[in-house]
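Here is a short tour for someone meeting this structure for the first time. Look at the sequence and the 3D view, then read on.

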Amino acid sequence: MKLIYTGKTKNVYALDDGNYLLKFKDDCTGKDGVFDPGMNEVGLTIEGVGDVNLRMSIYFFEKINAAGIRTHYVSADLKETTMEVLPAKVFGKGLEVICRHKAVGSFYRRYCDYIQEGADLPAYVETTFKDDAKGDPLVTKDGLIVLGVMTAQQYEDIKEMTQKITQIVADDLKEKGLTLYDIKFEYGYDADGKVMLIDEIASGNMRVYKDGEYIDPMTLSKLFFA
């Protein structure tokens, strides 16, 4: 295996067969020893975080694959805390896709003149460039096409996949008495330009509530596997 990328919470290795191996770490984003999934720097190490993030990713990737939705997931090794994935190119220099069921967070801050906090949203999809210096700016479908980041068809595929995957996650959480407010995904594409879900599906990428109270990612992971 050849180390090709060292990330904040995962390292990426190239495998001989052309696939890649993601090694989940116990490092967490945060600041001054406080866990914060929205931060862009490693702030602390929590034993077992890598394991639980991998477990949740396996659970949902297998469910999404079974639903006929393309992902980069191939297999996983819980003992080694690794996940084998298909090769995929990212869109631009990195793109995040958010699906919102409730008007909270940055959505509410932007549009609070027009909507009440916590109001229902119809699986609203938005895209942002991964750019810490610019505050992860929003970008529209037309913007993505004009900038050459993706085609109109790729955008429509991503939107449809995002709404379907979000419903799968939301339905699963609902069975556990939890309500999904919003969730963040990343996508890539293969040599033929076909879109696939990449990265991970972990508690730090979703905003979840129980009985009207926000559940922090660490607590969510424990509740999910209880």
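Start at isoleucine 165. Leaving aside residues up to four places away in sequence, Ile165 touches Ile64, Ile69, Phe185, Tyr187 and Leu197. The model is a predicted one.

The largest nonpolar core holds 45 residues. Ile165, Leu173, Tyr187 and Met206 have the most contacts inside this core. Helix α4, residues 152-175, gives the most to the core, with eight residues.

**Helix packing**

Helix α1 packs against α4 and also comes within 11 Å of α5, axis to axis. The two pairs are set out below.

| Helix pair | Axis distance | Angle | Handedness |
|---|---|---|---|
| α1 and α4 | 11 Å | about 125° | right-handed |
| α1 and α5 | within 11 Å | roughly 55° | left-handed |

Take α1 and α4. Their axes pack at about 125°, and the two helices are therefore oblique to each other. The crossing is right-handed. From α1, the contact uses Tyr59, Phe60, Lys63 and Ile64. From α4, it uses Ile165, Ile168, Val169 and Asp172. The residues of this contact divide into six nonpolar, no polar and two charged.

Now take α1 and α5. Helix α1 spans residues 49-66, and helix α5 spans residues 217-224. Their axes cross at roughly 55°, so α1 and α5 are oblique to each other. This crossing is left-handed. On the α1 side, Val49, Val52, Met56, Tyr59 and Phe60 take part. On the α5 side, their partners are Met218, Ser221 and Phe224. Here the division is seven nonpolar, one polar and no charged.

**Backbone angles to check**

Most residues other than glycine have a negative phi. Which way does phi go at threonine 81, positive or negative? Phi of threonine 81 is positive, near 55°. Threonine 81 lies in the loop between β7 (73-77) and β8 (82-85). Its relative accessible area is 14%, so threonine 81 is buried.

Alanine 123 has a positive phi too, at about 50°, and is not a glycine. Alanine 123 sits in strand β11, residues 120-129. Is alanine 123 buried or exposed? Its relative accessibility is 16%, so alanine 123 counts as buried. The cut-off for buried is under 20%.

Technical notes:
Residues are numbered from 1 along each chain as its sequence is written. This is a predicted model: local features need pLDDT of at least 70, side-chain atom pairs count only at pLDDT 80 or more; totals for chains, interfaces and linings use all residues. Side-chain values use heavy atoms; hydrogens and water are left out. A nonpolar core is a set of buried Ala, Val, Leu, Ile, Met, Phe, Trp, Tyr and Cys residues joined through side-chain atoms within 4.5 Å. Buried means under 20% relative accessible area, exposed over 50%, partly exposed in between (1.4 Å probe, protein chains only). Helices (H or I, at least four residues) and strands (E, at least two) are DSSP runs, numbered from the N terminus. Contact means heavy atoms within 4.5 Å. Axes are lines fitted to C-alpha atoms, for helices over the stretch in contact, and angles run from 0 to 180 degrees between N-to-C directions. Angles under 35 degrees count as roughly parallel, over 145 as roughly antiparallel, 65 to 115 as roughly perpendicular and the rest as oblique. A crossing is left-handed if the near helix is turned anticlockwise from the far one by less than a right angle, and right-handed if clockwise. Ala, Val, Leu, Ile, Met, Phe, Trp, Tyr, Cys and Pro count as nonpolar, Asp, Glu, Lys and Arg as charged, and the others, Gly among them, as polar.
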